[in-house]
Structure formats: C-alpha cells, structure tokens
Amino acid sequence: MSQPAGAALSAARQRVQALREQIAQHNYRYYVLDDPGVSDAEFDSLLGELRALETTHPELLSPDSPTQRVGGEVAEAFAPVVHRLPMLSLENAFSAEEVEGFDRRCREAADGAEVAYVAEPKLDGLAVNLVYEKGRLVRAATRGDGATGEDVTANIRTLRSVPRVLRGAAPALLEARGEVFMPVAGFAKLNEEQQRAGGKLFVNPRNAAAGALRQIDPRVTAIRPLEICFYGIGAMEGGAEPDTQTAMLAMLREWGLRVSRLAQTLTGPAALLAYYGQMQQQRAALPYQIDGVVYKVDSRALQQKLGQVSRAPRWAVAHKFPPEEARTVLREVEFQVGRTGALTPVARLLPVLVGGATVSNATLHNMGEIARKDIRIGDTVLVRRAGDVIPEVVRSLPELRPADAPAILLPAQCPVCGSAVEQVEGEAVARCTGALRCRAQRHEALRHFASRRAMDIEGLGDERIAQLIERELVQTPADLYRLEVPAIAGLARMAEKSAQNLVAAIAASRETTLPRFLHALGIREVGEATAATLARHFGNLDALRGADIDALRLAPDVGPVVAARVHAFFADAGNQAVVNDLLACGIRWPQIAAARDAQPLAGKTVVLTGALPDMSREQAKEQLEALGAKVAGSVSKKTHYVVAGEDAGSKLTKAQGLGVPVLDAQGLAALLRGELP
C-alpha cells in the first residue's frame, strides 16, 4: 500500500533536510577542518540522492541547496559593488631589515611593549569580499580598486568551499574577506584537459583562477577547480567583534569559513623571520601557490591605533619571496608613451617562463637604467618578475654578447606623434613635447579624466576613447561635453541607446567635487590624496590657480617637487585654456571652506552606518571630508558623531553605549551645512 501524497512529501522534506545538513557537515570537515568524514564516492552518493529527491519534488528545491552550485543564468556584465569597508592593499617587505622596521613601528605604537602577530602564507590568488546577511550568502565581489569591485555572486556560489549558510550564531551582516585560488594539482589537470581539447593553455594558477572567476557563464566557473581561503572581515553588524586577529580567524572557522591551517601567532621579528624561512622551504610542497607571507598585528585595538596610510594598513605587511629569474635574449626595444609624455623603453624578448608565467616583454625603466646595466639589443639578459608581477630586465650577460650588438638609443622624435623628445637635466625620464597633440598622451589623459576616481564617466572606456580620437571628435577633455548622440552613435558597435547613455553619463559628471576635478586634470605628481589636500587647503580653484610656489608649499604634505608641478601646470597657457573651457562647459562643485583650520568640521570624527536615504555613503564621506571632518570606520570614545541610516547595526549600539551623539538623515544635512549639534 503506497503512502498518501502528503505523507510522502513530508518524508521527502525530512530526508532532504537531513541530506543537506549531512552534506554541509561533510563540506565543513573537508574544507575547514581538513578531516574528511566520508570518501568521495560516499559524498557523491549523498549528493545524488538529494538531487533525485529535488527532481521528484521540485517544490522542495531551495537556492541554498548544495545541488545548486551551478548557476543557470548567464550574466551580461559584472555590476559594480561598493564594499561597506574598503579592501586595503598591503605594503611589501623584501628584507629582514624591513620586517624589523615594521616591528619597531608597531612596538612604538604599543608604548614599547612586545607585539604579537598573526603570520600566514600569502596565497597567490584573487581577493574577494563575500557578504552574508543573517547567515546567508547574498553577494560576492572582487576587490576591484579597493572601494568598488565586480559582482561575481553567481560564480562564487559554484565553489564547494563557500558555504551558502554560515554555521552557528552568525551576525546580522558580515563581510568575509578571502582569496580565491586554484590548487596546483587542479591547475595541472585543467591544462591537460585544455591540451587534449586543443584549447589555449593557462600560464599559471593565478591567471587561471582569475579567468575562471570572471566567466560570464557560471557553469564554466563550476567546472574549474577553484577554492577559497578566508583571512579577515570587513564590515560586521549584529555580533560581538573579536578582540584579536587570532580570535577573528577562529570565529570565521566556527562559522564554517575555511582559514589557513598554517597561520601562527608569534611575537618578535626573529619568530616572524623563522616562520618566513619555514614557508619558503615548504613552498614547493604546498598544494597551492604562495608568493610570500603576511604579518598582521594580533591586537585589533592596536590595529586601530596604528591606522592606515593611503590604502594600506600600518598594522600589516606582506613579506614577499625573492622573485624568480630566467635567462633569455633581448630581440628589440620599443618606446611607449604614457599620459605625461614619459617615454618608457620596453624590451621585446624571446619568450621565457619566469615564475610560472610566460614573459615576452619587460620594462627597461629609462635610459639611465639601460646605461647603468649596460644593456644592448641582442644581449642575453636575466629577467625577473619584480614582486612576482611586473617583468623587468635585471642585467645583461656581456660575456654572451654578439660582436655587433647595437646600443639602445633614445629616439629624437616621439614614436607616436613625431614631436621632439626632451630629456630634462636631472630627470631620469625623457618626454614627448607634443602634449595633447600626441595621440598617446591624449588617449591616456582622457582615460584618466574619465576614470572612476576622477570624473567617473560610466561607459567611456579605452575602446570608445580610441574611436573618438580616431574620428577627431575629441582633442581635449572639454570636447567630451560637446559630444552629441548622432556623432557617438556613428561609432563602431555603438547603438543609439548606448550613445544616449554615454551622453547622459558625460552630462552627469558635470556635478563633481573640487578634489575629483583636480585629480582628473592629470597634473604630474598630483594623485587623489594630493588633490584632496590642495582642495581643502585653498578652498577654491581660483586661489589654487593664483598661488605661487611658496604659497603652494604651505599646503600640508606638499613639497617642492609637487609645488613646482602644480605651479607649472597652471602657468601654462594651454592648460589654462583647457581648464577654462571645462568650466565653460558647466563643470561645477560645492563650495568648500578656504583653509582647513576654518572648516566647520575640522577636527571632528564622524562614523557612517546603515543606508542613507538621499545619498550613498561614499557621497556623504566626500562631503564630510570636504568640510574638514575625518570619516572613520569604527566607533570609539573619540568619535564626535555617528550618522545612522536604515538598518544601522552594531556601530549604532556601540555609539549609544558610549554616549556618542547619533544623527539621522536630517542631522547629517545640518552637519553638512556646518550646523554643529
């Protein structure tokens, strides 16, 4: 006698739930504990039974089911994702002296006390940020530029080492930071399969992992042998934050997120260097590639005290392994022209495998370096990947030099536009004098102008810029604001709707900030941070343009070189014409105070939490900083205000506990008007 339909469904539901729990536990033991509880065949049997039950009872299918590792939707593009807290990069150390210097700075911040560190291998993969809400995976993004990455959620979901649901009492919100990598064995097997299929071979596991993670079709990602290892957290709300890095790793592991089993808590530089030596010896035997080790201050309170510089924390450093070198032949030298007109000699090499990657081009830096290293065309040279990334020619081997090897000569004319090449006395770099007459400089200048951290013109990438220059539609950045839809729609692979979107994006960029505008101009030596410093110090463009070198040097962190570059830029009649033309095209920004000491929020520390109704956190941060405020990522007794939007979490609770004033959207608006509560 068969079961009633309701009873059969109930039994199936119970079995499905039991199977999912078993499979999740086996994944946890396999990936996190490194202690498999069943054989691969037994695991596959459980997964097959679950898949059969879900096929018979489709109403029991859930997006969190382990059978749903392969996403069915093919993405058209990777949407941008703003990280709640920036993903910082690490400063590099290459010597024992640099590691000892790092420890000395940390001990100074700790008032001379010994400092404990967490040391772990530096995986050679792709950094990602996974967002869990109420314990469930909702979003995954690449690191990107640190502030904004690309949405790779569908692809990350295909990784068996990524739990869909966290174990235990997970926080309301968690940004889990990790590294996606391809194991060495999986990489070798993948290349064997590619070779049998007549496909292109991958040069190293890191490139293979990056390519697999950024597949438009997640079904392709699913068959690539990718894994993940977690090393930290970003934003966290609704839970008790750990006091140490060691406790953080233990917490991640308890939630079911794999962390390095080789991580150790150590004290003192001698112990760090000993760990480095051990990892260097074990490097070849590890099942994955590493390019060094990372040292992080264990105390999170001391981490906060040390803070960060630019986009790198002061409390962590990557101790890189020496780069691998290989011997090859320099066949010829070409000169590339950059945004500022700098000519960079590039060596065209007989292809050679260096550090797991095939290298056929390498930088020669400048003519001074060529002379110092005595490099000639036809030389046998040593090549290395500096920092395991950028190929460079280390030196020549004169004993193997052909008798007729010609010297490398600096061209008298720019290889792109034919303008004269200038070598200023005392400068290592030679430059094309063509400025915006030079197509190479024009392209790079426009690309920089439109970039995300400058004017942020969405849709204006390299291909579009090249087409605009080729058609002579754009000579200077100001010409962008005179473009019309018919002209853009006439470009290759550009439909009417896309042209309308680009024109709209260009128009929207007219509303900007003075720091962004200054950064976009591409003044030599003036990056994002220096542009912000100049904007805050002078308050408006006219004051900056009229400043002499002495006045410019009064700005914080502006030395003689930067001051000279800025003064020379604004003294140039052509640059003045371009700036005036941009202003005539309607570019504008909110007025800011003239000097930091006079800024209404100077000396105030503000923390943002939750979703704001009228602006993004990035926009709020920019406006607050323009008024002199420091926008911090965590709440302390020194915090002056916490701005709490919708779904504010633990930061709001902490602020209330410390008695820090809490502002809503209206309070933020008042603060931006300079009205202090």
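Guide: What follows goes through the strands, then a residue beside one of them, then a pair of helices. The model is a predicted one, and the residue numbers count from 1 along each chain.

Start with strand S10, which covers residues 290–297. Is S10 buried or exposed? Eight of its eight residues are buried, so S10 is largely enclosed by the rest of the structure. A residue is called buried here when its relative accessible area is under 20%.

S10 has pairing partners. One of them is strand S3, residues 116–123, which runs antiparallel to S10 and is joined to it by six bridges. Within that pairing, Ala119 has Tyr295 of S10 as its bridge partner. S10 also pairs with strand S13, residues 316–320, again in the antiparallel sense, and here there are five bridges.

Next comes a sheet. Four strands form an open sheet in the order S5-S4-S7-S8, and their pairing is antiparallel. The edges are held by strand S5 (136–142) and strand S8 (227–237). Each of these two has a single partner strand, so one side of each has no neighbour in the sheet. From one strand to the next, the twist averages 25°.

Glu237 leads on to another part of the chain. It is among the residues touched by Ser650, together with Met236, Gly238, Gly239 and Glu241, when residues up to four places away in sequence are not counted. Ser650 belongs to helix H23, which spans residues 650–658. Its relative accessibility is 18%, so Ser650 counts as buried.

Strand S14 (residues 325–337) and strand S15 (residues 343–354) are paired antiparallel over seven bridges. Two of the facing pairs can be named: Leu330 is opposite Leu349 of S15, and Glu334 is opposite Val346 of S15. S14 and S15 form a hairpin with five residues between the strands, and in this hairpin Gly341 adopts a positive phi near 90°. S15 pairs with strand S16 as well: S16 covers residues 357–363, runs antiparallel to S15 and is joined to it by six bridges. There, Val352 faces Val359 of S16.

Last come two helices. A pair of packed helices is described by the angle between their axes and the distance between the axes. Helix H12 (residues 439–450) and helix H13 (residues 462–470) have axes that come within 10 Å and cross at roughly 135°. That angle makes H12 oblique to H13, and the crossing is right-handed. On the H12 side, the residues in contact are Arg439, Arg442, His443, Leu446 and Arg447; on the H13 side they are Asp462, Ile465, Ala466, Ile469 and Glu470. Sorted by type, the residues of this contact are four nonpolar, one polar and five charged.

Terms used
This is a predicted model: local features need pLDDT of at least 70, side-chain atom pairs count only at pLDDT 80 or more; totals for chains, interfaces and linings use all residues. Side-chain values use heavy atoms; hydrogens and water are left out. Buried means under 20% relative accessible area, exposed over 50%, partly exposed in between (1.4 Å probe, protein chains only). Two strands pair if DSSP finds at least two bridges between them. Axes are lines fitted to C-alpha atoms, for helices over the stretch in contact, and angles run from 0 to 180 degrees between N-to-C directions. Angles under 35 degrees count as roughly parallel, over 145 as roughly antiparallel, 65 to 115 as roughly perpendicular and the rest as oblique. A crossing is left-handed if the near helix is turned anticlockwise from the far one by less than a right angle, and right-handed if clockwise. Contact means heavy atoms within 4.5 Å. Ala, Val, Leu, Ile, Met, Phe, Trp, Tyr, Cys and Pro count as nonpolar, Asp, Glu, Lys and Arg as charged, and the others, Gly among them, as polar.
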